[in-house]
Amino acid sequence: MTAILDKKIVKDALRELIMEEPETFKKLLKEVFNEETLNEDEEFEQLIKKNFTRFEATFKALA
């Protein structure tokens, strides 16, 4: 029950922010999306490095 009330409080606060400070909300939203994109890019790069390291011998044999 507490989690539901907390979500309602957060929703209400966000709605209030959107109404009173739309530019601040837009900036916040852009920051969140940019951080998420950077995290996804970083995870992808790590996966590529991991796979190249894992299959290094195979790549060399095929070259």
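## Salt bridges in a predicted helical model

Asp12 is partly exposed, at 34% relative accessible area. Here buried means under 20% relative accessible area, exposed means over 50%, and partly exposed lies in between, for a 1.4 Å probe and protein chains only. This is a predicted model, where local features need pLDDT of at least 70, side-chain atom pairs count only at pLDDT 80 or more, and totals for chains, interfaces and linings use all residues. Residues are numbered from 1 along each chain as its sequence is written, and side-chain values use heavy atoms, with hydrogens and water left out.

The structure holds 4 salt bridges. A salt bridge is a side-chain nitrogen of Lys or Arg within 4 Å of a carboxyl oxygen of Asp or Glu. Helices are DSSP runs (H or I, at least four residues), numbered from the N terminus.

**Helix α1.** Asp12 pairs with Arg15 in a salt bridge. Both residues sit in helix α1, which covers residues 2-20. They are 3 residues apart, about one turn of the helix. Arg15 is exposed, at 52% relative accessibility.

**Helix α2.** Glu23 and Lys26 meet through their side chains in a salt bridge. Helix α2 spans residues 22-54 and contains both. Their spacing is 3 residues, so about one helical turn separates them. Glu23 is exposed at 52% relative accessibility. Lys26 is partly exposed at 45%.

**Helix α3.** Glu56 forms a salt bridge with Lys60. Both lie in helix α3, residues 56-62. The pair is 4 residues apart, about one turn of the helix. Glu56 is partly exposed, with a relative accessible area of 39%. Lys60 counts as exposed at 58%.

| Salt bridge | N to O distance |
|---|---|
| Asp12 and Arg15 | 3.8 Å |
| Glu23 and Lys26 | 3.5 Å |
| Glu56 and Lys60 | 3.3 Å |

Thr24 is found in helix α2. Thr24 is partly exposed, with a relative accessible area of 37%. Between Thr24 and Leu62 there are 54 Å in space, C-alpha to C-alpha. In sequence, Thr24 and Leu62 are 38 residues apart.

Conventions: Helices (H or I, at least four residues) and strands (E, at least two) are DSSP runs, numbered from the N terminus.
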